[in-house]
Amino acid sequence: MNTNKGTSEMDPEEAEHFRKLSGKWWDYNGVFKPLHSMNILRVPFIRDALFPFSTSTSESRPLEGINILDVGCGGGLLSEPLARLGANVTGIDLVSENIKAAAAHANKDNTLKEHLTYRHCSVNDLLAEKSGHYDAVVMSEVIEHITNKNDIVQPCCALLKDRGSIFITTISKTILSQILAVYAVEYIFNIVPRGTHDWNKFIQPEKMKNILKLNNCRTTTTKGMQFNPITNQWSWSSDVSINYALHAVKES
């Protein structure tokens, strides 16, 4: 498979960075430790927004019947818990090694087979066959690695059904985020490898909302996310100057 597939959405150096880390996705104490702990916020955030549209009568599988596309799924850290909630999840990534790691881990759990699929492709690759198909598209910790945000937002919105939801978690472009999300996390606490983040690619919530609005998606919720690097714990916050989560709905 072409390893350069969809490079218009991700810079080659970004893809190479994550290719080198592809064997570490399921190390709970490794470089992706903050993403594992972030699930305590992002999984309920997605679940609670989608539950009213589910056909499920099961408390343990509240997302039965919901089709979710997880864009930039990496090793499947978010795809798996969403599938365990009953959703039909398709995880895609531009790095083939990430897809291999995700599939290998999912294969350890037979209960995931009917609800979780991984594909090495871009969102543009899906448009011909899946336009207007998904109830929800998730881009969690992805948009900050893309130079031209609309290159990925536009096809993601086109893949949504009318009234479908798009969920984004990312990092705002502020002086505070440069200090804490880059220098502190990468150079002081060494939580993630140096060079993981490029502050110039961060985006403020209002600009993110405007891009979504241009693609016929109306933002309904924006919430700040606060990370404690000492305890590796996340919590909701009213402050959106560093990490934030956003939910938007495609207008019919």
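Tutor: First, a salt bridge here is a side-chain nitrogen of Lys or Arg within 4 Å of a carboxyl oxygen of Asp or Glu. What you see is a predicted model, where local features need pLDDT of at least 70 and side-chain atom pairs count only at pLDDT 80 or more, while totals for chains, interfaces and linings use all residues. Residues are numbered from 1 along each chain as its sequence is written, and side-chain values use heavy atoms, with hydrogens and water left out.

Two more terms will come up a lot. Helices (H or I, at least four residues) and strands (E, at least two) are DSSP runs, numbered from the N terminus. Buried means under 20% relative accessible area, exposed over 50%, and partly exposed in between, using a 1.4 Å probe and protein chains only.

Now the pairs. Side chains of opposite charge can pair when their charged atoms come close. Let's start with Arg84 and Asp109, whose side chains meet in a salt bridge at 3.0 Å, N to O. This one links distant parts of the chain: Arg84 belongs to helix 3 (residues 79-84), Asp109 to the loop between helix 4 and strand 3 (116-120), and they are 25 residues apart. Arg84 has 36% relative accessibility, so it counts as partly exposed, while Asp109, at 19%, counts as buried.

In total, the structure holds 13 salt bridges. Another of them joins Glu97 to Arg19, with the closest N and O atoms 3.2 Å apart. Glu97 sits in helix 4 (residues 96-106) and Arg19 in helix 1 (residues 12-20), so this pair ties together parts that are 78 residues apart in sequence. Glu97 is partly exposed, with a relative accessible area of 25%.

Stay with helix 4 for a moment. Its buried residues are Ser96, Asn98, Ile99, Ala101, Ala102, His105 and Ala106. The cover over them includes helix 1, helix 3, strand 2 and strand 3. Helix 3 also holds Ser79, which is buried, with a relative accessible area of 0%. Leaving aside residues up to four places away in sequence, Ser79 touches Asp70, Cys73, Val89, Gly91, Leu116 and Tyr118, a contact being heavy atoms within 4.5 Å.

Back in helix 1 you'll find Glu14, which counts as buried at 7% relative accessibility. Asp11, Glu14 and Lys201 are linked in a network of salt bridges. Beyond residues up to four places away in sequence, Glu14 touches His145, Thr196 and Lys201.

Lys161 is in strand 5 (residues 160-171) and Asp135 in strand 4 (residues 134-140), distant parts of the chain, 26 residues apart. Lys161 is partly exposed at 31% relative accessibility, whereas Asp135 is buried at 17%. Those two strands run parallel, and 6 bridges join strand 4 to strand 5. For instance, Ala136 has Ser165 in strand 5 as its bridge partner.

Zoom out, and 8 strands form an open sheet with mixed pairing, in the order 3-2-1-4-5-8-6-7; two strands pair if DSSP finds at least two bridges between them. Strand 3 and strand 7 (233-237) are at the edges with a single partner strand each, so one side of each is left without a neighbour in the sheet. On average, neighbouring strands are turned by 20 degrees against each other, direction ignored. Axes are lines fitted to C-alpha atoms, for helices over the stretch in contact, and angles run from 0 to 180 degrees between N-to-C directions.

Finally, two helices lie across these strands. Helix 5 (residues 123-130) lies across strand 1 (67-71), strand 2 (88-93), strand 3 and strand 4, at about 160 degrees to strand 1. Helix 6 (residues 149-158) lies across strand 1, strand 4, strand 5, strand 6 (217-228) and strand 8 (243-250), at about 150 degrees to strand 5. The two helices, helix 5 and helix 6, pack at an angle of about 20 degrees, with their axes 9 Å apart. At their meeting point, Val123, Asn124 and Leu127 of helix 5 contact Asp151, Ile152, Pro155, Cys156 and Ala158 of helix 6.
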